[in-house]
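Morning, everyone. I have one structure to show today, and I will keep this brisk. Please have a look at it first.

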Amino acid sequence: MTALSAIRCATGTSNARAALEAAVAARAPISLEDVISEAALQTRVDKKFLLTPGEFTALSQKLGDKFKIMQIDGLRTFRYESVYFDTEDFDQYRAHRQGRRRRYKVRSRTYADTGLSMFEIKTKGLRGSTVKHRVEQDLDTASELTEANLEFLESVLRSEYGQEVPALQPVLDSAYTRATFVNPIDGERLTCDIELEYANGHGQIDGPDLIVVETKSADGRGASDQALAELGIREVSMSKYCIGIALLNPQLPANRWSRLLQRSFVPDPTLC
């Protein structure tokens, strides 16, 4: 993505990266094809947690060998790059801050290591479950709302909420490195993100040396959820999109995440 620097401010390997790479190194691999067939979970319950490197190591040990690690062409960690779309007044950011039932996210996601790019809409289903709608797109137009993407978005919003598509524009670029743990027995997944980067047309900011862990299961009570509870690690109310918007747009209200921002994230968007 042109708005994001390819080099992080800190030199050397972060503690979060070291913990993640150690956790994935000895696990049995699972292919992308098997992940898609056994653990796609397009409709799911998501829970987010923010872990220190030490907490993450303890979690990995507690999970045992039940979870495999997604591997593609020998790689086990992957760089994700996303462009998020919202209205000029950040209507969807505000909808998330207010916890509205009929909220959604619109983004373009590129898997930088494989060249695959998807246009995605995430909506809220029954009982707070997350429903992901996605179509493959041309990598060359990944930062644009193409006519085909708009038609797809229109069909999703009409079907899910009976709404029309508002005027959208790109408002945030984000990138991070991810590893995905998969429990093929029950389809549960655990995504682990490090080295968050956020940018817009005015600045760039990096996230903390922590691991964003997201559990994805059918009912929100998977083995990883239980392991986290046993370690005393509590779920956090966090959206990577909303955190990035709040950090780079301090004029917007962010009371829902203010404590998290103050405790764990850089308080002001200083350029590298």
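Predicted model: local features only at pLDDT ≥ 70, side-chain atom pairs only at ≥ 80, totals over all residues.

The overall numbers, then. The chain has 272 residues, and 53% of them are buried. Its secondary structure amounts to 8 helices and 11 strands. Take the contacts with a separation of 6 or more: 70% of them link residues 24 or more positions apart. The accessible surface is about 12800 Å². Carbon and sulfur atoms hold 48% of that surface.

Who pairs with E8? Strand E9, residues 188-199, runs antiparallel to E8, with 10 bridges between them. Asn183 has Glu188 in E9 as its bridge partner. E8 and E9 make a hairpin, with 4 residues between the two strands. In that turn, Gly187 has a positive phi of about 80°.

Strand E4, residues 78-86, also pairs with E8. That pairing is antiparallel too, over 9 bridges. Arg79 sits opposite Thr177 in E8. Then there is strand E3, residues 68-71, antiparallel to E8 and joined to it by 2 bridges. Here Lys68 faces Val182 in E8.

On to the cores. As a general point, nonpolar side chains in soluble globular proteins tend to be buried together. The largest nonpolar core here has 36 residues. Which residues touch the most other members of that core? They are Tyr93, Tyr241 and Ile243. The elements giving two or more residues to this core are E4, E8, E9, helix H7 (240-248) and helix H8 (258-264). H7 gives the most, with 7 residues.

Let me stay with Tyr93. Setting aside neighbours within four places in sequence, its contacts include Tyr241, Cys242, Ile245 and Ala246. Also among them are Leu252, Pro253, Ala254 and Trp257. Asp86 is another one of these contacts.

Leu228 takes us to helix H6, residues 223-230. Its buried residues are Ser224, Asp225, Ala227 and Leu228. Viewed down the axis of H6, these fall within an arc of 160°, so they line one face of the helix. Just after H6 comes Gly232, with a positive phi of about 75°.

First, Asp91, in helix H4, residues 91-97. Buried or partly exposed? Its relative accessibility is 35%, so Asp91 counts as partly exposed. Leaving out residues up to four places away in sequence, Asp91 touches Asp86 and Arg100. The C-alpha atoms of Asp91 and Pro166 are 9.3 Å apart, with 75 residues separating the two along the chain.

Second, Ser60, in helix H3, residues 53-63. Its relative accessible area is 11%, so Ser60 is buried. Beyond its neighbours within four places in sequence, Ser60 is in contact with Ala23 and Arg27.

That is the tour. Over to you for discussion.

Definitions and conventions. Residues numbered from 1 in each chain as written. Heavy atoms only, no water. Buried < 20%, exposed > 50% of the residue type's maximum accessible area, 1.4 Å probe, protein only. Arc of directions from axis to C-beta. Contact = heavy atoms within 4.5 Å. Areas by Shrake-Rupley, 256 points an atom, 1.4 Å probe, with all protein chains shown as cover. Pairing = 2+ DSSP bridges. Core = buried A, V, L, I, M, F, W, Y, C linked by side-chain atoms within 4.5 Å.
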